[in-house]
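Hi there,

Have a look at it first, and then read on.

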Amino acid sequence: MSWLIKSSIGRKLIQSISGLFLILFLLFHLSMNVVLIFSHETYDFLANEILGANWWAIVGTLVLGLGVVVHIIYAVILTLQNWIARGRNRYASKSKTQVAWSSKNMFVLGVFIVLFLFIHMYQMWYQMQFKDLFGIEGVRHDGAQLVVDVLSQTWVLIAYVVAFIALWFHLNHGFWSALHTVGWNNDIWMKRLKRLGYFVSTLIVLGFIVVAFAVYLGYTNLLV
Amino acid sequence: MDKDINIKVKVWRQNGPKEKGRFETYALKNISQGSSFLEMLDILNEQLINEGKIPVAFDHDCREGICGMCSLYINGHPHGPDGEITTCQLHMRSFNDGDTITIEPWRSAGFPIIKDLVVDRTAFEKIMQAGGYVSVNTGGIPDANAIPIPRDKAELAMDAAACIGCGACVAACKNGSAMLFVAAKVSQLALLPQGKPEAARRAKSMVAKMDELGFGNCTNTGACEVECPKNISISNIARLNREFLKAKFKD
Ligand code: HEM
Ligand code: FES
């Protein structure tokens with residue numbers, strides 16, 4: 001299996017599968033967020049009993065973390081190798097070739113997402129699962145309230161929305177690109193996959209943004 | 001109507017592979033818009049020779065868009081601003097009086113500069129030698145109708161076979177990737193029954209050679225497809241990925 005890391009298509013496969021896995025996770029994450037709008041109690045139940053510091057949630061977290069790390073490591077490897085492959089001398093005239101903006105800026109968009117992840121992980125995960133696991137003081141079990149506390153700050157809302165927009169661009173290219181990489185594409189499916197990618201990225205990002213605004217404006221726990 | 005125009009060309013000059021290059025700007029008067037881009041460069045070279053200077057080296061051969069020898073990165077586009085043609089098919093009517101045209105060689109680690117605008121594209125030959133063929137076993141000529149080929153397959157194979165190996169895909173790609181070229185060469189054979197028996201070996205060894213020669217990892221920006229003078233579709237890249245992954249997972 002060494003071809004996975006030794007060949008260009010193998011490396012792209014790693015990037016593609018890890019990316020698709022992260023998209024699946026985002027869909028799951030979004031459904032959790034939506035629960036928050038309806039009921040804090042259900043949210044906290046899910047967060048503490050289903051997720052929390054259970055062995056399966058820990059395994060899940062580790063697998064997810066591995067996915068993120070692999071995706072970032074290969075993002076760096078691919079971007080560096082491609083930069084070198086471009087050659088030492090660059091064109092003096094700016095490229096006028098019309099291509100999708102996001103396809104040229106996947107790494108930069110990814111960096112925005114990483115910056116967001118640092119903030120987000122510190123604000124949420126560190127306060128809950130991490131502190132719980134390592135017996136650090138000040139563990140929060142009231143996940144829903146924690147989210148409300150964090151997201152009622154305006155700067156947090158703005159930072160989150162900026163990151164979501166970066167994510168939207170990343171997924172707009174990433175979704176169809178990932179399927180293209182695994183070989184699932186042809187002239188007919190190209191249009192469909194691009195449209196589906198547009199739909200999936202909009203669904204995820206719009207969902208996140210709507211929930212963030214709802215929390216910021218106090219529209220949560222609506223069923224109570 | 002075609003006019004005579006006065007233009008300036010800003011050309012990359014480099015004496016040899018290891019020398020330091022630089023841009024030189026030359027003025028050209030009364031260039032007919034009806035002349036081709038390469039004719040304009042011929043006129044420039046005549047002018048340079050008459051001035052006792054060294055002419056600009058550039059690649060060309062058939063001058064009718066079929067051999068893949070011409071190149072040039074013109075004003076931010078491989079093969080110039082006009083779509084679906086090679087540089088030799090580009091005409092001066094794509095430019096206006098007073099324009100300064102920037103002319104650069106293909107720039108990519110896989111295509112080192114030999115002199116001025118000429119780059120070394122033997123990397124493509126090496127990739128072809130790695131498997132871009134059907135092994136010929138001598139024997140009687142089979143009847144053409146003995147091997148039925150579905151029409152859509154034949155069409156796709158012919159579309160892929162339109163690739164002339166000019167390298168515009170590499171020149172256009174921000175990753176210096178040769179995937180469109182390799183994809184076209186793998187596809188034109190993988191789609192046909194004659195190419196099937198060696199399809200797995202071909203995909204693996206051509207991709208291995210491509211990687212070895214320092215071309216980048218394709219990230220599906222699609223710049224290659226936009227600039228390809230022969231309209232090779234990036235769907236071929238999906239097919240190459242499929243062929244390659246299938247072959248590797250079978251091992
Ligand atoms: C929620 C997080 C993320 C998701 C869902 C995601 C998803 C994807 C997907 C689906 C692809 C396409 C793979 C392919 O082209 O085969 C991709 C590519 C890529 N991602 Fe991410 N990604 C995420 C975060 C990141 C981060 C944090 C970085 C790092 C800095 C990053 C950098 C890249 C790069 C450089 C590529 C390759 C460019 C390309 O193939 O077009 N991504 N991502
Ligand atoms: S010189 Fe033959 S394709 Fe341009």
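How many salt bridges does a search of the whole structure find over all chains? The search finds 15, where a salt bridge is a side-chain nitrogen of Lys or Arg within 4 Å of a carboxyl oxygen of Asp or Glu.

Some housekeeping before the details. This is a predicted model, so local features need pLDDT of at least 70 and side-chain atom pairs count only at pLDDT 80 or more, while totals for chains, interfaces and linings use all residues. Residues are numbered from 1 along each chain as its sequence is written, chains are lettered from A and ligands numbered from 1 in the order in which they are written, and side-chain values use heavy atoms, with hydrogens and water left out.

**Salt bridges**

In chain B, Glu198(B) pairs with Arg201(B), with 3.0 Å between the closest N and O atoms. Glu198(B) is buried at 15% relative accessible area, whereas Arg201(B) is partly exposed at 36% (buried is under 20% relative accessible area, exposed over 50%, partly exposed in between, using a 1.4 Å probe and protein chains only).

Lys209(B) and Glu212(B) form another salt bridge, at 3.4 Å between the closest N and O atoms. They sit 3 residues apart in helix H6 (residues 199-212) of chain B, so about one helical turn separates them; helices here are DSSP runs of H or I with at least four residues, numbered from the N terminus. Lys209(B) is partly exposed at 22%, and Glu212(B) is exposed at 56%.

Lys246(B) and Glu243(B) also meet in a salt bridge, 4.0 Å from N to O. Being 3 residues apart in helix H8 (residues 235-250) of chain B, they too are about one helical turn from each other. Lys246(B) is partly exposed at 48%, but Glu243(B) is buried at 12%.

In chain A, Arg140(A), Asp142(A) and Asp149(A) are linked in a network of salt bridges.

**Where the chains meet**

Between chain A and chain B, about 3500 Å² is buried, 55% of it from carbon and sulfur atoms (buried area is the accessible area, with a 1.4 Å probe, that two parts lose on being put together, summed over both). On the side of chain A that touches chain B, H2(A) gives the most, with 6 residues.

**The ligand**

Ligand 1 lies between chains A and B. Of the 24 residues around ligand 1, those that come nearest are Gln15(A), His71(A), His170(A), Ser177(A) and Thr181(A), a residue being near if one of its heavy atoms lies within 4 Å. A polar side-chain atom of His71(A) is 2.8 Å from a nitrogen atom of ligand 1, and one of Gln15(A) is 3.2 Å from a nitrogen atom of the ligand. For Lys12(A), a polar side-chain atom lies 3.1 Å from a ligand oxygen atom. H8(A) gives the most to the shell around ligand 1, with 8 residues.

Best wishes

Methods
Polar contact = N/O pair within 3.5 Å; in protein donor to acceptor, adjacent residues only side chain to side chain. Helix = DSSP H or I, 4+ residues; strand = E, 2+ residues; numbered from the N terminus.
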